[in-house]
Amino acid sequence: MNHDVIPELVAWIETQLGTRLTIDEVASRSGYSKWHLQRTYLKSTGMSLGEYIRRRQLSCAAAELRLTRSGVIDVAMKYGFSSQQTFTRAFRAYFGQPPGRYRRLSEWDCSQLFPPYNKTIYPVGTPEVVSMPCRVLSGTVNKFSCALGKLGLFNMDVRYRFFRRYLRENHFLPHQAWGVTDFHSNPDTPGIIDIRYITATEEGNGAFNGKEEMKIIIPAGSYLQFHYNGRSDGFQGFILDVNRIHLPRLGVVRRKGADLELFSFAERNKRYLESGFMHCSYYVPFSSFRH
């Protein structure tokens with residue numbers, strides 16, 4: 001078995017975590033015998049395939065508990081557990097507390113989440129802990145609802161809509177613009193996340209004249225700062241990598257608060273927007289490191 005097949009197989013496993021996935025099904029997908037697949041997987045990753053699947057299912061279940069209103073029994077069934085009791089025992093053994101208590105914690109310890117195995121992730125330099133002063137911004141709101149596994153659909157079109165409109169009413173883009181992302185569980189539909197995304201500039205810039213413009217106050221606090229320089233169509237993938245892979249590996253404890261994006265414009269015109277490249281600093285509300 002070619003070890004290069006493992007990342008492709010793991011990518012498929014990621015799409016099947018919300019099912020009662022078995023080793024037999026994974027072996028059938030790979031085209032190899034169950035024995036040979038498990039031996040090769042262990043040699044490639046240092047972990048048994050069954051343990052990898054269980055850790056990823058528990059980590060996805062933990063994210064679902066934190067970000068949605070899905071019931072514990074629904075989360076247990078979704079991620080392949082035979083009963084709520086079986087799920088609770090496994091969850092407590094891995095996270096050190098029952099699911100109900102975990103979802104109510106004021107902070108989120110990402111060090112306990114097990115990231116997906118992937119050899120080709122967006123390279124992220126060592127982030128910096130920064131102390132952000134209180135900021136008063138003025139901008140417009142976009143709302144987006146999706147299931148946990150569909151966060152990648154939130155793309156740059158939502159962000160660039162603001163900048164294109166800005167150019168219709170102003171001669172140049174601002175030197176910098178902010179993106180503010182709030183995640184909330186949908187009150188009516190279990191399993192759905194409501195995202196409120198605000199694109200804004202520092203208050204007083206007079207970007208628009210309209211009723212839809214709103215004032216946003218970002219409280220002072222500590223953030224972990226990441227930098228992105230690359231194609232705009234890769235930015236959402238970068239954000240997902242930061243949250244699914246890098247925060248767990250760094251042992252980050254998230255505090256409550258909105259994620260922030262700070263866009264900087266090398267050229268303040270439409271041509272720059274259409275170039276397909278961008279620079280952005282991404283800020284994660286930060287409490288501490290835990291290892």
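Arginine 255 lies over the face of tyrosine 223, at 4.8 Å from the ring centre. Arginine 231 is placed likewise over the face of phenylalanine 277, at 5.5 Å from the ring centre. A charge is taken to sit over a ring if NZ of Lys or CZ of Arg is within 6 Å of the ring centre and within 35 degrees of the ring normal.

| Arginine | Ring | Distance from the ring centre |
|---|---|---|
| Arginine 255 | Tyrosine 223 | 4.8 Å |
| Arginine 231 | Phenylalanine 277 | 5.5 Å |

The model is predicted: local features need pLDDT of at least 70, side-chain atom pairs count only at pLDDT 80 or more, and totals for chains, interfaces and linings use all residues. Residues are numbered from 1 along each chain as its sequence is written, and side-chain values use heavy atoms, with hydrogens and water left out.

**Aromatic rings**

Rings of Phe, Tyr and Trp (its six-membered ring) pair if their centres lie within 6.5 Å; planes under 30 degrees apart count as stacked, over 60 as edge-to-face and the rest as tilted. By this rule there are 22 aromatic pairs. In the pair of phenylalanine 95 and tyrosine 102, the ring centres are 5.0 Å apart and the planes stand at 55°, so the pair is tilted. Both phenylalanine 95 and tyrosine 102 are buried, where buried means under 20% relative accessible area, exposed over 50% and partly exposed in between (1.4 Å probe, protein chains only). One aromatic cluster has among its members Tyr160, Phe162, Phe163 and Tyr166.

**Helix α2**

Helices (H or I, at least four residues) and strands (E, at least two) are DSSP runs, numbered from the N terminus. In helix α2, residues 23-30, the buried residues are Ile23, Val26, Ala27 and Ser30. Seen down the axis of α2, these residues fall within an arc of 100°, so they line one face of the helix; the arc is that of the directions from the helix axis to the C-beta atoms. Ser28 and Arg29 are exposed on the other side of α2. The cover over the buried residues of α2 includes α1 (5-15), α3 (34-45) and α4 (49-67), with contact meaning heavy atoms within 4.5 Å. Glycine 31 follows α2 and has a positive phi, near 85°.

**Cysteines**

A search of the whole structure finds zero disulfides, a disulfide being a pair of cysteine sulfur atoms within 2.5 Å. For cysteine 60, the nearest cysteine sulfur is that of cysteine 110, 13 Å away. Cysteine 60 counts as buried at 16% relative accessibility, and cysteine 110 is buried with a relative accessible area of 3%.
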